[in-house]
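Reader: I would like a close look at one part of this model. Please keep it brisk, then show me some individual residues elsewhere.

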Amino acid sequence: MLQKPQDEVFKPWSLEYNDYDPKKEKSRESLLTIGNGYLGTRGAMEETKASETNYPGTYIAGLYNRLISKVANKDIENEDFVNCPNWLFINFRIENEKWLDINKTEIITINRKLDFLNGVLSKQLIVKDKLGRVTEINSSRFASMANPHLTAIQYKIKPLNYSGSIEIESTLNGSIINDGVSRYRDLNQKHLQAVSQGKEDGTIWLSVKTTQSEIEIVQAAKHLVYRNGEIENVNISNNISPNFVSSGFAIHLNENEELTVEKTVAISTSKPDDINEPLEFSKNLIKTVGSFNSILTESEKEWKKIWDKIDIQIEGDPKSQMLVRLHLYHLMVTASPNNVNIDAGIPARGLHGEAYRGHIFWDELYIMPLYNLFFPEVAKSILNYRYRRLDKAREYAKEYGFRGAMFPWQSGCDGREETQTIHLNPVSGKWGDDYSSLQRHISIAIAYNTWYYFHVTNDVDFMEKSGAEMFLEICRFWASKSVFDKATGRFSISKVMGPDEFHEKHKASKGGGVKDNAYTNIMATWLFIKAFEILDVLSNNSKEKITNKIDLQNDELQTWKNISENLNIPVSKEGIIEQFEGYFELKELDWDAYRKKYPNIYRLDRILKAEGKSPDDYKLAKQADTLMTFYNLDEADVSDILNNSGHKIPPGYLKKNYGYYAKRTSHGSTLSRVVHSYLANLFGYKELGGKLYFEALESDFTDIQGGTTAEGIHAGVMGGTVLMAITSFAGINFKKKILKINPRLPKTWNALKFNFTFKNNRYFIHLTHTQLKIEINSENYDPVKIEFSNKKIILPTNKKHVLEY
């Protein structure tokens with residue numbers, strides 16, 4: 001029996017579910033994930049195993065394995081984000097009968113609560129079996145933010161209307177596969193093989209190894225047992241077999257007596273950035289740790305430090321408040337201060353599931369600006385993940401006949417391209433080209449993130465050691481990809497895909513992709529411009545060292561300048577920027593007809609292909625493409641680029657472009673709503689901007705895409721919606737040397753309060769609809785110039801100011 005669906009009540013510091021719906025459970029498990037940046041464990045209940053309803057999974061940042069599968073007589077190699085051994089499992093049974101099955105028992109009450117403040121997931125459950133015996137189960141779990149190798153569960157059982165023997169089983173299970181994404185199930189998904197397992201001094205341990213990358217993963221666990229709060233000595237027995245180890249015991253409980261089991265687990269790996277001897281490390285660590293509460297206390301201290309930096313307080317809108325904090329929480333689960341020394345990027349689906357195989361895409365473009373403001377050392381670590389793979393990007397560029405660094409669309413362990421170049425059509429059974437890897441704008445995102453980090457932090461040391469080299473090598477790639485066309489007298493870039501994704505090929509671009517994608521060309525031009533600015537701020541010694549290292553000469557720099565002034569960016573007489581060459585000649589789609597015919601047209605590409613048509617033939621987009629340019633850059637900067645390339649841009653052209661492209665976009669990616677909302681708010685389209693923003697804000701919470709949240713959260717939209725609270729609604733523009741603040745609070749938000757660090761000064765912001773309270777803390781006490789409501793003012797630091805608007 002399932003409880004009735006809960007009424008929506010939003011609490012400011014927690015996500016709660018008071019019902020159990022098997023159809024929604026996997027999505028909820030993603031949203032109830034605990035973690036600390038080193039690892040993430042999905043919010044499956046302790047008593048569950050992998051099934052169509054439930055999916056416990058644990059993922060460790062940067063831990064991948066590569067397997068070959070036979071698909072339609074071809075060997076296809078895929079690298080996957082490894083589902084690590086399941087450390088969660090604890091279950092019970094009464095009088096040696098069946099173990100609790102949450103999907104078959106009668107649920108009387110259930111409440112699950114994820115506490116954002118301390119990262120604790122708790123469960124209160126009362127169940128009744130077929131004999132009428134009612135049992136209360138309370139559990140709490142967390143991954144320590146203080147010691148990222150520690151996780152802990154407190155599991156309590158109380159018989160409410162009976163007395164009898166209760167048997168407990170707790171396991172570490174490595175006999176699992178990657179099974180979190182149904183469309184991958186025909187592929188080889190067995191990534192773990194047994195190494196050793198055993199028991200020692202009241203603890204159990206399990207060691208497994210990935211089959212190809214040969215990373216050892218070790219879990220060591222100990223159990224403490226209490227009766228009514230007092231320590232209880234029980235006779236624990238162990239079941240040990242390859243890839244599996246368990247601890248179990250039976251105990252007689254009287255009615256209303258409470259049994260508590262504390263399970264603490266030490267998790268480590270042999271990844272190069274982790275532990276040299278993980279087995280000894282985990283076994284020794286688990287012997288020295290204290291109780292559940294003592295570990296929690298230390299973790300809570302670290303969470304408090306985090307929230308002191310990242311919290312965004314919203315007055316007047318409980319739902320938005322909860323969701324913004326939910327997003328902040330999951331970003332910290334994915335990448336926290338613990339990630340400073342971890343060699344990993346930010347997976348598009350977090351440490352929460354197996355979608356996209358845990359790979360890193362361009363989504364970091366929406367996320368990294370937050371880390372620049374809150375945790376710049378983490379942002380630098382994520383950028384250095386890319387830098388450490390710079391040689392792979394050079395190899396990738398060389399493979400395709402280019403110079404410089406061409407980063408892969410999908411990146412995982414070693415930086416090679418993880419995107420497939422062919423795909424099997426399940427309808428025809430034939431293999432065809434897969435053009436996804438032509439989304440070369442990933443390199444633009446990496447360069448943009450590098451510049452943005454430097455701009456916000458003034459970290460010249462980073463630029464001298466790694467950032468500038470990476471940025472310049474990306475510029476070199478785009479220059480080598482730019483081909484001079486004698487007919488037009490301009491440079492062109494072919495064989496690329498823009499952010500749109502629906503358009504995979506066009507006749508103007510031989511070999512797939514499109515020619516002169518506007519987003520790509522404008523952003524590449526911007527990169528060339530910024531390259532000269534970066535070189536100017538480097539010391540002469542560093543500049544000479546870097547340019548000598550990569551053999552960057554003045555004549556090559558002049559070529560970049562020439563390309564930046566002459567890269568082809570087609571613009572109509574009305575000021576509409578053509579998404580790519582030939583876009584204006586494509587067919588118009590009858591959007592109204594498709595909206596009537598299909599309940600959901602987000603993935604129009606799949607709909608059209610199912611009808612025997614091609615999205616390449618129509619004016620449509622999955623997400624913002626041309627408009628994405630104005631998300632990255634201020635309108636004035638884009639105008640300068642267009643004017644310098646010979647165009648006469650009419651007034652109001654950005655609004656015209658918005659109107660043109662917005663109605664031709666299906667929002668098949670949740671990121672699309674972030675961009676369109678940002679621009680709508682910029683124009684003063686508050687109603688439209690608010691509608692799109694709140695759709696994006698709740699997209700994972702409501703699983704707007706119909707099941708994708710079950711495979712992992714969408715880190716990009718979580719980062720983008722949090723960032724928008726600062727950039728769009730507080731109206732803070734970080735892209736210039738001084739901050740520009742033009743508040744545009746939604747009607748439902750009475751006030752907005754947060755803090756951040758910009759250029760080594762810490763800003764404390766408190767906004768209402770009529771007033772800005774601002775304090776700027778500076779170590780050198782120098783006054784700071786800002787622009788507020790389009791007026792430049794100078795504010796003394798280390799004191800509070802009140803500005804009316």
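Reader: How are α18 and α20 oriented to each other: roughly parallel or roughly antiparallel?

Author: Keep in mind that this is a predicted model. Two packed helices are described by the angle between their axes and the distance between the axes. Take helix α18, residues 670–683, and helix α20, residues 715–729. Their axes come within 9 Å. They cross at roughly 10°. Angles under 35 degrees count as roughly parallel. α18 and α20 are therefore roughly parallel to each other.

Next, the contact itself. On the α18 side, the residues are Thr670, Leu671, Val674, Ser677, Tyr678 and Asn681. They meet Gly716, Val717, Gly720, Thr721, Met724, Thr727, Ser728 and Phe729 in α20. By type, the contact of α18 with α20 holds six nonpolar residues, eight polar ones and no charged ones.

Look at both ends. Serine 669 caps the N-terminal end of α18. A side-chain oxygen of serine 669 lies 3.1 Å from the backbone nitrogen of leucine 671. After α18 comes glycine 684. The phi of glycine 684 is positive, near 90°.

Now some single residues elsewhere. Start with arginine 386, in helix α6, residues 376–387. Its relative accessibility is 2%, so arginine 386 counts as buried. The side chain of arginine 386 reaches the backbone oxygen of phenylalanine 361 at 3.2 Å. Leaving out residues up to four places away in sequence, arginine 386 touches Ile360, Phe361, Glu364, Phe407, Ser411, Ile442, Ile446 and Met470. Glycine 467 is 81 residues from arginine 386 along the chain. Their C-alpha atoms are separated by 9.7 Å.

Histidine 359 sits in the loop between α4 (318–334) and α5 (364–374). At 1% relative accessibility, histidine 359 counts as buried. A polar contact of 3.2 Å joins its side chain to that of glutamate 79. Beyond four places in sequence, the contacts of histidine 359 are Tyr64, Glu79, Pro347, Ala348, Gln410, Ser411, Gly412 and Glu418.

Alanine 143 belongs to strand β10, residues 134–143. With 2% relative accessibility, alanine 143 counts as buried. Not counting residues up to four places away, alanine 143 touches Ile34, Gly35, Asn36, Leu39, Leu150, Thr151 and Ser299. Isoleucine 446 is 303 residues away along the chain, and its C-alpha is separated from that of alanine 143 by 30 Å.

At 32% relative accessibility, arginine 185 counts as partly exposed. The side chain of arginine 185 makes a polar contact of 3.0 Å with the side chain of aspartate 179. Leaving aside neighbours within four places in sequence, arginine 185 is in contact with Lys26, Glu52 and Asp179.

Asparagine 228 lies in the loop between β15 (216–227) and β16 (230–231). Its phi is positive, about 50°, although asparagine 228 is not a glycine. Asparagine 228 is partly exposed, with a relative accessible area of 44%. Asparagine 256 lies in the loop between β18 (244–253) and β19 (259–269). Asparagine 256 has a positive phi of about 70°, and is not a glycine either. The relative accessible area of asparagine 256 is 45%, which means partly exposed.

Definitions and conventions:
Residues numbered from 1 in each chain as written. Predicted model: local features only at pLDDT ≥ 70, side-chain atom pairs only at ≥ 80, totals over all residues. Heavy atoms only, no water. Axes fitted to C-alpha atoms, helices over the stretch in contact; angles between N-to-C directions. Helix = DSSP H or I, 4+ residues; strand = E, 2+ residues; numbered from the N terminus. Parallel < 35°, antiparallel > 145°, perpendicular 65-115°, else oblique. Contact = heavy atoms within 4.5 Å. Nonpolar A, V, L, I, M, F, W, Y, C, P; charged D, E, K, R; others polar. Polar contact = N/O pair within 3.5 Å; in protein donor to acceptor, adjacent residues only side chain to side chain. Buried < 20%, exposed > 50% of the residue type's maximum accessible area, 1.4 Å probe, protein only.
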